[in-house]
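Subject: Handing over the two-chain model

Hi,

Here is the structure I promised to pass on to you.

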Amino acid sequence: MASGFALTADHLIKDFGAKRAVDGVDIAVPEGSIYGILGPNGAGKTTTLRMLLGIIDPDSGTRELLGTTRPRSVSDRVGYLPEERGLYPGMKSRDAIAFMGALRGLPWAEGRARADDMLADAGLGHAAGDKIKKLSKGMAQFVQLLGSIVHRPELIVLDEPFSGLDPVNQERLEALILAERDRGATILFSTHIMGHAERLCDRLAIIAGGKLRYEGSVAEARATMPIQAHYTPREDSPALAKLLPPEAARDNGGYVFDVPDSGMEALLATLLECGHGVAGLSLERPSLHDVFVKLVGEETVEKMEAEAEAEAKMEAGA
Amino acid sequence: MTSHFRQAAVIARRDFIATVATPAFLMFLLAPLFMLMFALVGGTGARMIADSGDDAQRLVILADADYAARIEAADARIRPTFPLGIAPPALERRSPVHDVSGAGTEAEARALFSDSGVDVAAVLYGSPDAPRLLIGSGSDRYADYLALLAETAARDVRSGVPPGDAVTEITREPFERTSATIGGQQSLGFTALFLLFLLTLLLAGQTVSVLAEEKGNKVIEILAAAVPLEAVFLGKLIGLFGVALLFIAFWGGIAMIGLAAVPDSRATMVAFDPAIGFGPFLALGVLYFAMGYLLLGAVFLAVGGQANSMREIQMLSLPITFFQMGMFGLASAAAASPGSGLALFAELFPFSSPFAMVAKGASDPALWPHLAAIAWQLLWVSITIALGARWFRKGVLKSGPSVFRRLGQALRGKAA
């Protein structure tokens, strides 16, 4: 792609009846990068991905996928794992992977051979001849993921890939995503779990309520918020609060506040001079979670976390 | 376009193998055998019940020995001309106690109807010059037969021919027919029409539920992301069409082997020779089946694609069956009145055209109408598939209630 981007979207809008599901989303996914779309459930992530892939058309806005504005014409060069997992239960794992490759133009025999190799690499070689209905939910999900990349696509789009996976398979999936990136593929995935986005993504977009709230690198996202200082004095007194920045708040016997624009040096000198001393001091870059809270609001994040917790419990129960 | 066909072929292959490589397919393949077995058992049972009733029925001759012998001789000559199963009840001779010309015989004849051992249908009594018939209720047809026997016996008496002897020697010479009969061709046309209807009813109707699997196990989104839904639609149709062809090849092969095993079958079949010849007729039959299957199958597939549950699919099956029966009725009426306006309509209406045209092939020697009909049907197959796929695309990825449920909700809303 001459532009250096595997995928771009310019002001995508999609309405379902009276509800605006996606409201002017802009995205640019650099070639060879791992790009995350982060947002709570119902934020418009799946609709955005479907529009980008040409499964549904936007009401307005433009998209370019692998150098073309007709995404369906390059579907053989794309791998897609939809949010709703689905496989034919009567198919063997090997055949299910080969079938998904065949849909994208990979010969059956080649697909079967690759399926065996991929399953073995993922530690699932023993399940190659097993029917899907015999596999655990996590294994079946992994088989589907392998099916979506068996044809070695240039662009891999994964909708909530970590959802429903146990920690072992989540780790396995993270390794696979990194391996695919190393192969040269561009990876775009949606998630509502910030840890994965923070660990994997070169860039990300945060969507909430159908709107794009942030687009850039993880580091840039964190840099949008000031570094926080956690200070514990040796000698506390009511006068100390007047020396600290006005937004400083009590925190475990100390104070937490944003590092001033002028830096910590002058403030520390004043604190020492006034005899408050330093029992403890740490400087913390804000996490993606903090950025996310700032962008989408505490209430939404709490709801997301409750949903993630419920999902994890269900997974543990299954 | 090539890519579309390649993708459709992948889906067709998956569907074909998934259908054929299951124990359930064996049941499906052998279903006609079960049908035949049940028909045989049921038919035999019904026949036994009917026969036990028929066996009790009698036509009685209450006459002196000479007259009774003449009646029996006439019966021996005429009875074999009746086809199996519709012959009159057996003849039974009773000797009269009284003089046959007296009033006592009539009383004897009436008394026979009270005989609890047999069901007397009719009684012939009297003499060759003055035969009389006593006819039980509902036995007029059998009485006609007895009257015919009495008439034959009377002629024999008047011509002085001994009982059972022929008046003249008839020379019989077999003739092997070399051309078809009009009735034979019409029978063949109707049989082919019925067979085509039955096969499309049984086989094309299956497509209505074929997408339930993809919708149920969520594979539809994978397919929709990987290939155009038009290719999914076409692949599904072709996959099931392959299953249908396998079914037909299996039973067609068995029928051919069975026919070849029947001695003199060729001579028997001459009367049914289709006007365009057996080879072209069979080829046309397969082509018309393909057209009928693809046309109706595309409609059913598109309609089934809108349904969200097996219950909705079951509900849809009834109107679809009625629609097919309507097409059968239209084509049958057309076959019964070839050349009529109705026949032309049935031949032109896309969904009845395959049925009407296959019947036409049995009696009309012209080939060009078939070429034109196949081109016409092919056009409609393409239109139906394109429209069906478009409708399918709109409905299949839409979440929430199906189009039928929304329709129901809208109607309820209006009523309220």
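This is a predicted model: local features need pLDDT of at least 70, side-chain atom pairs count only at pLDDT 80 or more; totals for chains, interfaces and linings use all residues.

Residues are numbered from 1 along each chain as its sequence is written, and chains are lettered from A and ligands numbered from 1 in the order in which they are written.

**Chain A overall**

Chain A holds 11 helices and 13 strands (DSSP runs numbered from the N terminus: helices are H or I with at least four residues, strands are E with at least two). Its C-alpha trace spans about 80 × 45 × 40 Å along the principal axes. Of its 318 residues, 39% count as buried (20 or more other C-beta atoms within 10 Å of a residue's own; 12 or fewer is exposed, in between is partly exposed, and C-beta atoms are placed from the backbone). Among the contacts in chain A with a separation of 6 or more, 71% come from residues 24 or more positions apart (a contact means C-beta atoms, placed from the backbone, within 7 Å).

The domain assignment gives chain A a domain 1 (5-222) and a domain 2 (226-284), with bounds from an automatic or database assignment. Their C-alpha centres lie 45 Å apart.

**Strand β3 of chain A**

Back to A:Y35. Five of the five residues of β3(A), residues 34-38, are buried, so the strand is largely enclosed by the rest of the structure. In a regular strand the side chains alternate between the two faces of the sheet. Here, A:I34, A:G36 and A:L38 are buried on one side, and A:Y35 and A:I37 on the other.

β3(A) runs parallel to β7(A), residues 186-191, and five bridges join them (strands pair if DSSP finds at least two bridges between them). Four bridges join β3(A) to β8(A), residues 203-208, also in parallel. In β8(A), A:Y35 has A:R203 as its bridge partner.

**Two antiparallel sheets in chain A**

One open sheet has three strands in the order β2-β1-β4, with antiparallel pairing. The edge strands are β2(A), residues 19-30, and β4(A), residues 60-65, each pairing on one side only. The twist averages 15° from one strand to the next (axes are lines fitted to C-alpha atoms, for helices over the stretch in contact, and angles run from 0 to 180 degrees between N-to-C directions). β1(A), residues 5-16, pairs with β4(A) over five bridges, and A:D10 stands opposite A:T62 there.

Helix α1(A), residues 45-53, lies across β1, β2 and β4 of chain A, at about 120° to β1(A). Nine of the nine residues of α1(A) are buried, including A:L49, A:M51 and A:L52. Just after this helix, A:G54 takes a positive phi of about 85°.

The other open sheet has four strands in the order β11-β12-β10-β13, again with antiparallel pairing. β11(A), residues 249-251, and β13(A), residues 280-284, stand at the edges with a single partner strand each, so one side of each has no neighbour in the sheet. Neighbouring strands are turned by 25° against each other on average, direction ignored. Five bridges join β10(A), residues 228-232, to β13(A), and A:A229 has A:L283 as its bridge partner.

Chain B is divided into domain 1 (57-159) and domain 2 (180-415), whose C-alpha centres lie 56 Å apart.

Helix α10(B), residues 229-261, has 33 residues and reaches 48 Å from its first C-alpha to its last, close to the 48 Å expected (1.5 Å times one less than its number of residues). Its buried residues include B:F233, B:L237 and B:F241.

α4(B), residues 65-78, and α6(B), residues 140-159, pack at an angle of about 115°, with axes 9 Å apart. B:I71 and B:A74 of α4(B) and B:L149 and B:A153 of α6(B) are among the residues making the contact.

As for the interface, 15 residues of chain B are in contact with 18 residues of chain A. On the chain B side, α1(B), residues 2-20, and α9(B), residues 219-226, are the elements that give two or more residues. The largest share, six residues, comes from α9(B).

Happy exploring!

Key. Two residues are in contact if their C-beta atoms, placed from the backbone, lie within 7 Å.
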